[in-house]
Amino acid sequence: MKLIILGPPGAGKGTQAERLTSAHGIPHISTGDIFRENIKNQTELGRQVKGILDAGGYVTDDITNAIVADRLAQDDAKAGFLLDGYPRTIAQVQALDEILGDDSLTAVLELVVDDEEIVQRLVKRAETSGRSDDTEDVIRERQAIYHRETAPLSAEYRKRGLLVEVDGVGSMDEVTARLEQALAER
Ligand code: ADP
């Protein structure tokens with residue numbers, strides 16, 4: 001099963017991605033997690049991207065594409081994977097097409113949640129996450145960038161017949177059940 005999960009920051013992608021990947025035995029590949037891990041370990045990549053993450057901007061496509069190509073080349077990703085946080089731009093969609101070649105995606109799951117609900121959730125998450133990009137200003141910036149750069153991806157994957165929209169409002173269990181249902185129907 002080769003999946004992408006899309007949705008605005010705070011839509012609950014990370015949580016749902018964890019659940020789906022453990023249920024289906026596929027790796028959860030989160031570009032945000034990879035960047036944060038590198039920042040924590042003070043790697044060269046971490047030093048390059050820290051300022052960008054703190055400001056809520058996007059890491060350049062070149063860096064991000066290279067990281068994903070590398071990760072998808074590992075053995076555990078051969079049979080399937082769930083990409084979380086990637087692709088985020090149309091250029092990344094094209095890069096992913098090249099990485100995958102004829103290997104087609106099973107589905108692109110989009111969690112649909114409106115902006116105000118999300119700001120409330122993220123401001124709350126900030127109290128416990130310790131993430132330096134979880135402040136209201138940075139959250140709004142991430143949302144604006146998402147609408148500009150990432151929302152067009154839904155249209156692209158819809159055109160390809162891959163998009164499955166799932167209502168992301170409700171309890172975590174309700175949302176998981178909706179996602180599993182949507183996958184079962186494909
Ligand atoms: P969220 O979905 O809550 O914004 P993520 O963990 O997916 O959080 O990403 C955190 C940050 O990592 C992003 O704001 C961005 O700076 C960087 N990032 C993650 N994935 C990408 C990507 N595909 N392209 C560019 N930057 C990315």
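Predicted model: local features only at pLDDT ≥ 70, side-chain atom pairs only at ≥ 80, totals over all residues.

Modeller: Residues are numbered from 1 along each chain as its sequence is written, and side-chain values use heavy atoms, with hydrogens and water left out.

Colleague: Why are helix 6 and helix 7 called oblique to each other?

Modeller: The axes of helix 6 (residues 115–129) and helix 7 (residues 136–159) come within 10 Å and cross at roughly 140°. Angles under 35 degrees count as roughly parallel, over 145 as roughly antiparallel, 65 to 115 as roughly perpendicular and the rest as oblique. Helix 6 and helix 7 are therefore oblique.

Colleague: Which residues make the contact of helix 6 with helix 7?

Modeller: With contact meaning heavy atoms within 4.5 Å, helix 6 contributes Asp-115, Glu-116, Ile-118, Val-119, Leu-122, Val-123 and Arg-125, and helix 7 contributes Glu-136, Ile-139, Arg-140, Arg-142, Gln-143 and His-147. These residues divide into 5 nonpolar, 2 polar and 6 charged.

Colleague: What makes helix 2 and helix 4 roughly perpendicular?

Modeller: Their axes come within 11 Å and cross at roughly 100°. Helix 2 and helix 4 are therefore roughly perpendicular to each other by the ranges already given. Thr-31, Ile-34 and Phe-35 of helix 2 meet Ile-63, Thr-64, Ile-67 and Val-68 of helix 4. That contact has 5 nonpolar residues, 2 polar and no charged.

Colleague: What lines the largest pocket, and which helix gives the most to the lining?

Modeller: A pocket is an open set of points on a 1 Å grid over the protein atoms alone, with protein on both sides within 12 Å along at least five of seven lines; lining residues have an atom within 4 Å of a point. The largest pocket has a volume of about 870 Å³. Of its 37 lining residues, the closest to the centre are Gly-10, Lys-13, Arg-125, Arg-131 and Arg-142. Helix 2 gives the most to this lining, with 5 residues. The lining divides into 10 nonpolar, 17 polar and 10 charged residues.

Colleague: What makes a space a cavity, and how many of 30 Å³ or more does the structure hold?

Modeller: In a cavity a 1.4 Å probe fits but cannot get out. The structure holds 1 cavity of 30 Å³ or more, and about 60 Å³ of space lies in the largest cavity. Its lining includes Lys-13, Tyr-86, Tyr-146 and Thr-150.

How values were computed: Axes fitted to C-alpha atoms, helices over the stretch in contact; angles between N-to-C directions. Helix = DSSP H or I, 4+ residues; strand = E, 2+ residues; numbered from the N terminus. Nonpolar A, V, L, I, M, F, W, Y, C, P; charged D, E, K, R; others polar. Points joined across faces, edges and corners; volume = space filled by probe spheres on them.
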